[in-house]
Amino acid sequence: WHDESRIAARRLVAILKTNRKIILDGEVNEAEWRDATEITGLVVWGDEHSGSRLLAKEQTRFYVTYDDANLYVAMVSPTPDKVKNDPHMTAGMGGLLKTTKGGHDTDVEADDAFEMDVVIPQRDGDLYRYVVNGINTTYDYTTGGYSPECVLKGIDLNWEPKWQVVANKVDMEKGWRAEARLPFSDLRAPVPKPGVSWGMNF
């Protein structure tokens, strides 16, 4: 988290509320996500020693919206040119993705994974991390310290959010797509009111 926060400059975006029904099928339907805010502009290290940053060549797009009960996040990640030009580079059970881990709360961060961090400043900066790989293996934890039997702040794998995600849609033409529904109840937070700021990291 520290290294990632050093790479990406902090950005402010307005997230709009939606009344549309979003069906989690991994297809990121334009009509369903019409109210969502698109977020892109991912960066990578140009030179770690000088601190320079470069825009990533393949730009993943994220979409964020919410309703009275849930935060919704979608991802569309294009197939890298090097994979399009050389299909033999593909690996793993997902074909185009490296996906080796199965079983809930298996550490999938070594796989190709979609990660979402939600930070709630109003709760002393509590961080909630949601991770999924290309075969829908989920991994989640919090540093919030508000879960049962969790006394000190630190990684708490006992936190079991009831989030839903579909992340197994991938093909050469459309790339990798994922859709997730994150209940506010799992974040121990009310629906954000206008003007309230939360942090997110992808």
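1. Thr143 is found in the loop that connects strand E8 (138–142) with strand E9 (164–171). In this predicted model, Thr143 is partly exposed, its relative accessible area being 23%. Asp156 stands 13 residues from Thr143 along the chain, and the C-alpha atoms of these two residues are separated by 6.1 Å.

2. How many salt bridges does the structure hold? The count is eight.

3. Lys17 and Asp68 form a salt bridge in which the closest N and O atoms are 2.4 Å apart. Lys17 belongs to the loop between helix H1 (2–7) and strand E1 (37–39), while Asp68 belongs to the loop between strand E4 (61–66) and strand E5 (70–77), so this pair ties together parts lying 51 residues apart in sequence. As to accessibility, Lys17 is partly exposed at 40%, whereas Asp68 counts as exposed with a relative accessibility of 56%.

4. A second salt bridge joins the side chains of Arg177 and Glu27, with an N to O distance of 3.1 Å. Which parts of the chain does the pair of Arg177 and Glu27 tie together? Arg177 is in strand E10 (residues 175–183) and Glu27 is in the loop between H1 and E1, so the parts linked are 150 residues apart in sequence.

5. Are Arg177 and Glu27 buried or partly exposed? Arg177 is buried, because its relative accessible area of 5% falls under the 20% limit for that class. Glu27, at 34% relative accessibility, is partly exposed.

6. Arg61 and Glu38 also form a salt bridge, and here the closest N and O atoms are 4.0 Å apart. Both partners sit in strands: Arg61 in E4 and Glu38 in E1, so the pair ties together parts that are 23 residues apart in sequence. Arg61 is partly exposed, with a relative accessibility of 32%, and Glu38 is likewise partly exposed, with a relative accessible area of 45%.

7. Some of the salt bridges share partners, and in this way Glu27, Lys169, Asp171 and Arg177 are joined into one network.

Terms used. Residues are numbered from 1 along each chain as its sequence is written. This is a predicted model: local features need pLDDT of at least 70, side-chain atom pairs count only at pLDDT 80 or more; totals for chains, interfaces and linings use all residues. Side-chain values use heavy atoms; hydrogens and water are left out. Helices (H or I, at least four residues) and strands (E, at least two) are DSSP runs, numbered from the N terminus. Buried means under 20% relative accessible area, exposed over 50%, partly exposed in between (1.4 Å probe, protein chains only).
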